[in-house]
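Have the model open while you read.

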Amino acid sequence: MTGRVAGKVAFITGAARGQGRSHAIRLAEEGADIIAVDICAQIGTVPYPMATPEDLAETVKAVEALDRRIIASQADIRDPAGLKAALDEGVAQLGHLDIVSANAGICTVQTWDQVTPEVWQDTLDTNLTGCWNTIVVSAPHLIAAGGGSIILTSSGAGIKGAPFLAPYVASKFGVTGIAKTMANELAKHKIRVNSVHPGGVHTPMSHGLTALPGLIAADPQLGAMFGSALDVDMVDARDISNAVLFLASDEARYVTGLEFSVDAGSSIR
Amino acid sequence: MTGRVAGKVAFITGAARGQGRAHAIRLAEEGADIIAVDICRDYDTVGYPMATAEDLAETVKAVEALDRRIIATQADVRDAAALKAAVDDGVAQLGHLDIVSANAGICTVQTWDEVTPAVWQDTLDTNLTGVWNTMVVSAPHLIAAGGGSIICTSSTAGIKGLPYLAPYVAAKFGVTGVAKTMANELAKYKIRVNTVHPTGVDTPMGTGLGGLESLIARDPNLGPIYMNTLPVEAVDARDISNAVLFLASDEARYITGLEFTVDAGNTIR
């Protein structure tokens with residue numbers, strides 16, 4: 001039985017670890033080859049350690065162990081020229097592009113009055129503009145391929161106004177919106193665009209948001225927003241990957257503009 | 001490789017033809033046994049011929065051809081006692097219940113001032129109360145099984161105020177809401193509840209809605225509400241089944257309260 005994305009090529013940003021690595025593995029399990037990028041460097045305003053070149057090398061190893069090809073490079077999604085170069089090189093080597101997972105993102109935790117201009121700008125540049133750059137450099141390749149599937153990683157915080165995450169919410173709501181606009185504009189090229197909305201996920205980024213429990217405890221009225229319907233605090237990265245896989249596959253050939261929540265029911269409270 | 005819902009039992013309403021039959025076939029392809037019900041007779045208020053007992057027998061043949069078991073009964077989703085008897089008997093024969101597809105529904109087309117009390121009531125009774133009845137008779141079996149997945153068929157008309165479908169919109173919006181309520185209330189039993197939202201589907205009901213095109217032509221301002229964003233007028237029933245399958249499977253173990261549009265981008269315009 002052939003894999004659900006057999007013969008396809010997927011471009012994944014933020015692929016060095018966490019959800020990005022998980023998507024690379026899940027898509028490779030189902031037959032796709034991978035073009036992977038990650039900044040593999042620290043952004044000054046981010047309070048947790050970000051991915052390293054060694055992390056990206058681990059993703060490469062995991063995909064190659066599944067007998068799939070992977071072209072990996074360090075690139076900053078805030079730099080459209082560098083991103084374009086990385087993707088063009090990957091497409092030149094792997095032959096075409098079918099799937100885009102705009103997954104790279106950062107998160108900081110603070111009350112509204114603790115937000116600095118630097119934190120605001122870095123978050124918007126990475127999570128929203130970085131997403132936009134990813135779409136812009138990828139779309140020509142998908143148009144050339146006669147169609148494709150773009151999956152933008154938004155968040156429950158791209159649906160609800162989560163407290164203590166103002167810049168993150170602003171950027172993720174933006175991602176939700178731009179996914180729908182691009183779904184409308186790219187439809188004529190048979191390109192589908194959808195957003196996935198994880199709640200809490202077991203990744204280095206989530207585990208690095210150490211200031212959040214204290215802020216939640218200090219304000220129970222707002223803190224209650226972080227609960228979920230199902231009795232689980234965080235889901236696994238692979239749970240998000242299962243949704244990405246569905247959207248990437250031909251099973252979702254008429255699914256576009258969907259806000260695909262995978263959040264244990266946290267956005268319905 | 002085992003099927004994606006291998007070993008599970010699915011209860012499907014409106015299973016005689018159209019989307020219901022497609023769900024029965026798709027889930028059976030992936031290893032599930034089926035409990036199928038359909039009213040198998042016409043309504044005075046509905047303008048197109050509804051399913052027949054012969055249709056339901058065709059669904060049975062199709063599922064048995066896949067080497068799966070199916071228990072099929074004629075039952076009206078408006079009659080909670082009859083519905084309960086049908087699912088209880090199915091569970092007694094097949095052993096347990098894991099998946100519920102509340103799919104049965106009717107549709108009529110008319111301007112707001114052409115809606116009769118009988119049309120309004122029949123639509124609400126079938127499309128909203130029928131879904132409620134389906135959940136109420138199924139939930140005890142899912143609780144006994146330690147969890148499960150309920151998928152309620154709503155519509156783009158459960159998200160947007162489509163003109164000329166007032167009773168249908170009222171009912172489908174109601175389905176969207178009550179599914180979220182049940183997602184919250186049944187979460188403690190590990191039961192997930194989600195809605196699927198098709199755009200126009202190529203089924204006997206979908207193609208049987210006479211009068212819609214002329215109403216749309218009469219008011220060009222409202223017509224674009226019916227346009228899809230992808231260049232396709234109607235999707236196949238199997239496209240909806242692919243979403244139902246995903247939600248029914250363990251790949252969606254943490255997905256609850258989702259509005260799963262399979263609508264060629266209809267609701268993002």
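The contact between the chains draws on 27 residues of chain A and 29 residues of chain B. Keep in mind that this is a predicted model. On the chain A side, the elements giving two or more residues are helix H5 (166–186), helix H9 (237–248) and strand E7 (259–262).

Now for chain A as a whole. It has nine helices and seven strands. Its radius of gyration is 17 Å, close to the 18 Å from the globule rule for 269 residues, so chain A is as compact as a globular protein of that length. Along the principal axes, its C-alpha atoms fill a box of roughly 55 × 35 × 35 Å. Buried residues account for 56% of the 269. Of the contacts in chain A with a separation of 6 or more, 76% link residues 24 or more positions apart.

Let's zoom in on helix H2 (residues 53–64) of chain A. With 12 residues at 1.5 Å each, H2(A) should span 16 Å, and its end C-alpha atoms sit 17 Å apart, which agrees. Which residues of H2(A) are buried? They are Leu56(A), Thr59(A) and Val63(A). Looking down the axis of H2(A), the buried residues fall within an arc of 50 degrees, so they line one face of the helix. Their cover includes helix H1 (18–29), strand E2 (33–38) and strand E3 (70–74) of chain A. Over on the other side of H2(A), Glu54(A) and Lys61(A) are exposed.

Technical notes
Residues numbered from 1 in each chain as written. Chains lettered and ligands numbered in written order. Predicted model: local features only at pLDDT ≥ 70, side-chain atom pairs only at ≥ 80, totals over all residues. Helix = DSSP H or I, 4+ residues; strand = E, 2+ residues; numbered from the N terminus. Rg over C-alpha atoms; globule rule 2.2 N^0.38 Å. Buried ≥ 20, exposed ≤ 12 C-beta atoms within 10 Å, placed from the backbone. Contact = placed C-beta atoms within 7 Å. Expected span 1.5 Å × (residues − 1). Arc of directions from axis to C-beta.
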